[in-house]
Amino acid sequence: MREKHWYDYLWIWALLYFLLGFFNILFAWLGMIDFLLPLGIAVVRGDKAFCNSLCGRGQLFNRLGSGCKLSRGRPAPKWMSAKWFRVGFLIFFLTMFGNMVFQTYLVAAGAGTLREAVKLFWTFRVPWGWAYAAGTVSDWVAQFSFGFYSLMLTSALIGLVVMVLYRPRTWCTFCPMGTMTQGICKLKNAGGQKDSA
Ligand code: SF4
């Protein structure tokens with residue numbers, strides 16, 4: 001059996017992140033680590049070390065899907081791993097991210113008010129006021145927390161649904177972070193080959 005490393009337990013971090021958001025929404029900012037680290041690693045090293053070893057979310061899907069046998073283990077439909085779908089989903093995801101940042105900007109500029117709610121699937125607004133004591137931080141800081149947590153929770157829920165329906169890590173086939181890091185690695189490695197030619 002393969003020796004266990006500290007990073008094999010990052011699935012606990014993935015769980016903890018969502019739990020913390022139930023108690024204090026400001027912890028949502030910690031999710032930026034999972035946003036920036038994969039991109040940083042891909043840019044600097046030109047590989048997918050984050051996906052391969054450091055992604056708590058991927059590990060969590062494995063644990064729940066294979067370990068707890070919550071996945072049917074069926075192959076996902078082919079379109080889910082097709083380029084048009086992966087790129088389309090990435091564009092959609094980035095657009096939603098941009099919209100979330102814009103809402104944060106509106107609150108910062110005084111043109112919008114803080115909404116103490118989590119928006120699931122970009123549609124359903126769930127009141128979440130218990131997780132934030134008004135006035136603790138600037139309204140825009142709190143607004144970003146609610147928006148970012150919404151994005152993280154929504155993507156995790158989509159990942160859980162496809163985990164149950166198909167194979168444990170089906171989410172990884174169209175995960176926006178996976179698509180972005182793959183693109184960066186391709187560009188970087190193509191550049192490296194040109195340099196050595
Ligand atoms: S594709 Fe996404 S969820 Fe899967 S390991 Fe990579 S970053 Fe994690």
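Trainee: Leaving aside its neighbours within four places in sequence, which residues is F144 in contact with?

Mentor: Some ground rules first: this is a predicted model, where local features need pLDDT of at least 70 and side-chain atom pairs count only at pLDDT 80 or more, while totals for chains, interfaces and linings use all residues. Residues are numbered from 1 along each chain as its sequence is written, and side-chain values use heavy atoms, with hydrogens and water left out. F144 lies in helix α6; helices (H or I, at least four residues) and strands (E, at least two) are DSSP runs, numbered from the N terminus. With contact taken as heavy atoms within 4.5 Å, and neighbours up to four places away set aside, F144 touches W29, M32, M100 and T104.

Trainee: Is F144 buried or exposed?

Mentor: Buried means under 20% relative accessible area, exposed over 50%, and partly exposed in between (1.4 Å probe, protein chains only). F144 has a relative accessibility of 8%, so this residue counts as buried.

Trainee: How far apart are the C-alpha atoms of F144 and I25?

Mentor: Along the chain, these two residues are 119 residues apart.

Trainee: T104 was one of the contacts of F144. Which residue has its backbone oxygen 2.9 Å from a polar atom of the T104 side chain?

Mentor: T104 lies in helix α5 (residues 83-108) and is buried at 6% relative accessible area. Beyond its neighbours within four places, T104 is in contact with W140, Q143 and F144. A polar contact is a pair of N or O atoms within 3.5 Å; within protein, one must be able to donate a hydrogen and the other to accept it, and residues adjacent in sequence count only if both atoms are side-chain atoms. The backbone oxygen that lies 2.9 Å from the T104 side chain belongs to M100.

Trainee: How far apart are the axes of α2 and α6?

Mentor: In this pair, G31, M32 and F35 of α2 meet F144, F148 and M152 of α6. By class, their contact has 5 nonpolar, 1 polar and no charged residues, where Ala, Val, Leu, Ile, Met, Phe, Trp, Tyr, Cys and Pro count as nonpolar, Asp, Glu, Lys and Arg as charged, and the others, Gly among them, as polar. Axes are lines fitted to C-alpha atoms, for helices over the stretch in contact, and angles run from 0 to 180 degrees between N-to-C directions. The two helices pack at an angle of about 65°, and the distance between their axes is 10 Å.

Trainee: At what angle do α4 and α6 pack?

Mentor: R57, F61, L64 and G65 of α4 meet M152, S155, A156, G159, L160 and M163 of α6. This contact has 6 nonpolar, 3 polar and 1 charged residues. Their axes are 11 Å apart, and the angle is about 35°.

Trainee: Which residues does Q59 touch, not counting those up to four places away in sequence?

Mentor: Q59 sits in α4, whose buried residues are G56, R57, G58, Q59, L60, F61 and G65. The cover over them includes α1 (10-23), α3 (49-54), α6 (139-165) and α7 (171-174). Q59 has a relative accessible area of 13%, and its contacts are Y7, D8, Y9, L10, W11, S53 and R169.

Trainee: What is the relative accessible area of K69?

Mentor: K69 is placed in the loop between α4 and α5. Its phi is near 55°, a positive value in a residue other than glycine. K69 is exposed, with a relative accessible area of 68%.

Trainee: What is the phi of F121?

Mentor: F121 is found in the loop between β1 and β2 (124-127) and is partly exposed at 32% relative accessible area. Although F121 is not a glycine, its phi is positive, at about 55°.
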